[in-house]
Every structure is written in structure tokens, then in C-alpha cells.
Amino acid sequence: MLFNSYIFILLFLPLCLIGYFGLNHFRRYSLATAFLLGMSLWFYGYFNPSYLLIIVSSIVLNFGMTRIMDALEGTARKGVLVLALLVNFGILFYFKYFDFFISNVNSIFAAHIPLRNIVLPLGISFFTFQQVSYVIDAYRGQTGNYSFLQYAAYVAYFPQLIAGPIVTHDELIPQFLEEERRRFQWENFSRGLYLFTLGLAKKVLIADTFGKVADWGFGDIGGLGTVSAALVMLAYTFQIYFDFSGYCDMALGLGNMMNLELPANFDKPYRALSISDFWKRWHKTLTRFFTRYLYIPLGGSRKGTARTCLNVMIVFLCSGLWHGASWSFVLWGGIHGACMVFERLLGKRLEKIPAWLRWCGTFLILNLTWVIFRADTLTDAFAFFGRLFAGSASVGGLTSAFQLPEVTFLFQFLLNRGVPSVISKLVGAVFFGGALWMSTRRENAYDVADGLKFGAGSMVLGAVLLVWCIFSFSGISSFLYFNF
């Protein structure tokens, strides 16, 4: 189920809130948690009920193995941990990487092993990593004596289930146990609804518009010139930012509506002055996972410069592969890792470079690497870079993406005529300029919502944005990170 859909906003969300707080009102706390779990499983299995078998089996297996670990000591306890990790990563490998592995075997050895064409279950990378973190923490003795119901609700909690943030047990399960959080609170609900609306607007009104530009450009790479390729590249840079940032804002907003606080995943990442700084701001919970459960166990920065650089490269190659079963993602992760290593070797000398120049360099690297991230193949990515230096100043049919229904309606209603091409170009310029300002200068949406005093103006703005987004659902699209 999508956040940006009629069934979610008009049926699922009201039913979920009424049922959850209604049961809590009558102090049926366990039943309320079970209801929330059931709603979350409905949310997950809405498009494909067969997905439920995967996530439910994963939850049962992981909870069972942590219980077995609790009863063991020494080598046997460690053996169960290893088994749990093998099961989790084995399931992830089968669904996400098996065909990629077979295709590479076929290419290297000229074999003809048939592909399985396995459909990737939604959110499997997210809920697998979330459970891996729990299993490791359980082995370390850092988890509480949680019930199966509490654990299952933690893993399946619908706002963060499909595209994050990757939540640790100590961030969410204790909140389920606080009686005060089980009471409906208008202030939290208002803040959450406003934040959800801001995230929805990012996705529906901004990201999806830039998505049309990106789809147009990457669908006809050979027809691009320098200017059009540069604009398509920038469009995808903004699309993925507002798409993922919008999802995370909606997740935080939904949590606020239910008096539950989820960790923030974004902190103005396009303000970053280095790639290292970028990864402290972008997808923060994924960075935390790799730091806590891979980088530090590998030795972190404790074993000398060479080993530190190797550890960084391993982490970013894994991060690239986590995003998708493609050499494009591996290269993307490798480039980011190499930039991190280079910055580490430069040390404080990097700070002597003017801040504006560091920002320009970082933003350029991000744009170029997003091309590799977005392209279907490495061949397409290199072809795109070739068109980027083709020398043509034409923008082609790019401006057609900015022939917005709202603008078309106004021209037809007020002037009884079509939209002039110059207006579409002007709308496009406003979108690009506004997106750059919002992603680099504007405060985080959750900071805006937290500091907002809900008066008539903010309520009207929120209502207008929400209604505008709902009327734009005719072009519903899934979130980019659903593919990862």
C-alpha cells in the first residue's frame, strides 16, 4: 500500500488511528498492539498477499533464534547467531541477488543457467537489516525481555516497514510500553498530520514532476544534448531527494500521529561540504547500521590508516550492493567510498578550501554519481556522460514535463487557450530554482513542524496542500526506495 493513495488516506489511516486509540482507551493494550500489527501486515500485503508469508516467517524465525540464544552460552550461543545471520542474508540473497549472481556466472563461464526472474518483495532490505540489528544486539545482551507481539509490531510497524528509517529495538519497543503514548493527543496528531502533508507534497507535487524529466531523459539518452542532459541529471538529483525525503517525513508524521517517535533519516544532505558530510546527513539510519554492525566490527579506524581505508571501501561497496543487484550500484558505492578515503587522507587540508568551492565540488560529484545510480546499466550511464559533453544547447521535449494539469486548467478556464511553451519553460525554471533552494537552504520539514504554532494560517496551508495532493493522485507512483 502506498502513502500517496486514496485507500491509505481515506480508509486505512483513519481506521488504524480509530482502532488503535479506541482499544487503548479501554486499556486493551495487548489487543491494541495486536491490532496495530494486523493493520501493518495488511499494509504490507496489500499489493501481493504472498509477501506476508516471507515477512511473517522472517519474524518468527528471528524471534525464535533470539530466544534460543538466551538459553545458551559460549560457542553454542555464537553458533545460533551465525545461523541467524546466514538465514537472514540467505533469504535476502535469494530474493534480491540470486538472478544477478546467475547472470554473472553465465557471463564469466559462458553458461546457460536459466534465471528465476524472482520478484523482489517490498522492503525486504529494510526489515532484514532491522532484524539483523536486533539479533546481534540480542547476542550482545542488549535487548529487553520483549514478547513476541511486541517484537513483531516493532518489525512490521507500517510507517517504517517498506522504506525505512531502519529503527533499532530500543528506539521503538519501549515506546509501545509507555501508557502515556497510548492516549490520543491532539498536539501530536496535528504536528504529525502537518509533517505528513509536507512529505506528501514533496513526493506528489515535486518529486513526481522531476521524475517525468528523468524518465524522459533516461528513456532516450541518445537524443540528449549537453544542456538537456545536465537538466535531466539535476532533475534526478532532486527527484530522489524529494522522493525519499518525502517518504521519511511522512513516516515521522505518521509516528507523531500515534505518539511514536521515529529517528530522522535526513539532515539537509545537499548542504554537505564533502562526501563524508553527505553520508552523515543522507539516509542516516543506514549509515548508522553499517557503522555499528560492519565498520566497527571490521576494526573501524583503530588499526591504522591503510586498514581504515580498506574498511571504508568494504562498507561502501556493501552499501552500493544493498541498494540493488547491479554493477552500477557497486560502482556508485565504490566511488563514494573512494571519495571518503580521499577526504580522510587529505585530513584538515580539506578545510582550507573555501566552503563554497567544497560545496560545488560535492554537489557535482553527487549529481554525476546519481547518473550511475539511475541508469539501467553501466553502458547507459557512460552513454549519458557522453551526451553530457555533446555540445548541444537544445532542451528538446524536456519542458513538456512542466505542462502541469493545474497550469493547463487555469489557462483553459481563465483564457480559454492552451499553455504557451514559454510558460512551461518558466514553470520549469521555478521548479529547478525552488528545488535547489528547498534542498540547500530550507530547514528540515520535521524541524518546521516541531516549531510551528498551529494557527489559522498553518491550518489553511496544510489543508490546501493535502487536498491538492489528493487531487493529484491520478498519477500515483511508488517511492524510489521501494526498489531497494
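This is a predicted model: local features need pLDDT of at least 70, side-chain atom pairs count only at pLDDT 80 or more; totals for chains, interfaces and linings use all residues.
Author: Residues are numbered from 1 along each chain as its sequence is written, and side-chain values use heavy atoms, with hydrogens and water left out.

Reader: Why are α4 and α13 called roughly perpendicular to each other?

Author: Helix α4 (residues 74–109) and helix α13 (residues 305–323) pack at an angle of about 100 degrees, and angles of 65 to 115 degrees count as roughly perpendicular, while those under 35 are roughly parallel, those over 145 roughly antiparallel and the rest oblique. The two helices are therefore roughly perpendicular. Angles run from 0 to 180 degrees between N-to-C directions, with axes fitted to C-alpha atoms over the stretch in contact.

Reader: What makes α14 and α15 roughly antiparallel?

Author: Helix α14 (residues 327–346) and helix α15 (residues 355–374) pack at about 160 degrees, with their axes 8 Å apart, and by the cut-off of over 145 degrees they are therefore roughly antiparallel.

Reader: Why is the pair of Phe8 and Phe196 called stacked?

Author: Rings of Phe, Tyr and Trp (its six-membered ring) pair if their centres lie within 6.5 Å, and planes under 30 degrees apart count as stacked, over 60 as edge-to-face and the rest as tilted. By this rule the count comes to 65 aromatic pairs. The centres of Phe8 and Phe196 are 6.2 Å apart and their planes stand at 25 degrees, so the pair is stacked.

Reader: What makes the pair of Phe21 and Phe184 edge-to-face?

Author: Their ring centres are 5.4 Å apart and their planes stand at 85 degrees, so this pair is edge-to-face.

Reader: How do you know whether Phe21 counts as buried or exposed?

Author: Buried means under 20% relative accessible area, exposed over 50% and partly exposed in between (1.4 Å probe, protein chains only). Phe21, at 9%, therefore counts as buried, whereas Phe184, with 36%, is partly exposed.

Reader: How do you know that the span of helix α10 agrees with its 32 residues?

Author: The expected span is 1.5 Å times one less than the number of residues, so α10 (residues 226–257) should span 46 Å, and its end C-alpha atoms are 46 Å apart, which agrees.

Notes
Helices (H or I, at least four residues) and strands (E, at least two) are DSSP runs, numbered from the N terminus.
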